[in-house]
Amino acid sequence: MARYFKEEDIDEFRECFYLFARSGNIKSLDELTVIMRSLGLSPTISELAGYIKQKGGKMTFAEFLEVMHIHSRVENLPKEVVDAFKAGDLNNKGTIPAKQLRHMLQNWGECLSSKEVDRIFREANVNNNSMVRYEDFIKICCAPVPDYY
């Protein structure tokens, strides 16, 4: 797996792995979830369950590196979201009016509440009357949030 990751990345993975998998093996879906999300990935529960099942219910560090490699190749959520914004950015300015972004967040997909959008805007330093650089906004929104079970 060293050919797929830089040495410093492997060191970070190892540190996180042994922080949460103290026995030297990942033995539960919760452990794998916390570890992968702590490392900045956003796998779904079904993806995580599949990885655990593939490895027979437990996972060594070497097997975990293999899973990290497989999953990191299929996931690039920030890029996918930025590409969606670019498709609607006819002038290629890289910005969107905050009011339009608010409307999208409150009325498309899972429809966030006004309070949820307010919190996101506050975290991203977005003013309701400003233009938002969507690449910067997506980086902030896609930053991993720790899971606590």
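Which exposed residues does the face of α3 turned away from its buried side carry? The views below, taken from a predicted model, start with that helix.

View 1. On the face turned away from the buried side of α3 sit the exposed residues S46, K53 and Q54. L48, Y51 and I52, in contrast, are buried in α3. These three cover an arc of only 95° around the axis, so they lie on the same side of α3. An α-helix has 3.6 residues a turn, so residues three or four places apart point the same way. The cover over the buried residues of α3 includes α2 and α4. Just after α3, look for G56, which takes a positive phi of about 75°.

**View 2. The largest nonpolar core.** This core has 21 residues, and I26, L32, M36 and F64 touch the most other members. Helices α1 (7-20), α2 (29-38), α3 (45-54) and α4 (61-74) each supply at least two of its residues. The largest share, five residues, comes from α4.

**View 3. Around F64.** Leaving aside neighbours within four places in sequence, F64 is in contact with F13, F17, I26, L32, I35, M36, L39 and M59.

View 4. P78 is partly exposed, with a relative accessible area of 32%. Not counting residues up to four places away in sequence, P78 touches I138 and C142. F5 is 73 residues from P78 in sequence, and the two are 20 Å apart in space, C-alpha to C-alpha.

How values were computed. Residues are numbered from 1 along each chain as its sequence is written. This is a predicted model: local features need pLDDT of at least 70, side-chain atom pairs count only at pLDDT 80 or more; totals for chains, interfaces and linings use all residues. Side-chain values use heavy atoms; hydrogens and water are left out. A nonpolar core is a set of buried Ala, Val, Leu, Ile, Met, Phe, Trp, Tyr and Cys residues joined through side-chain atoms within 4.5 Å. Buried means under 20% relative accessible area, exposed over 50%, partly exposed in between (1.4 Å probe, protein chains only). Helices (H or I, at least four residues) and strands (E, at least two) are DSSP runs, numbered from the N terminus. Contact means heavy atoms within 4.5 Å. The arc is that of the directions from the helix axis to the C-beta atoms.
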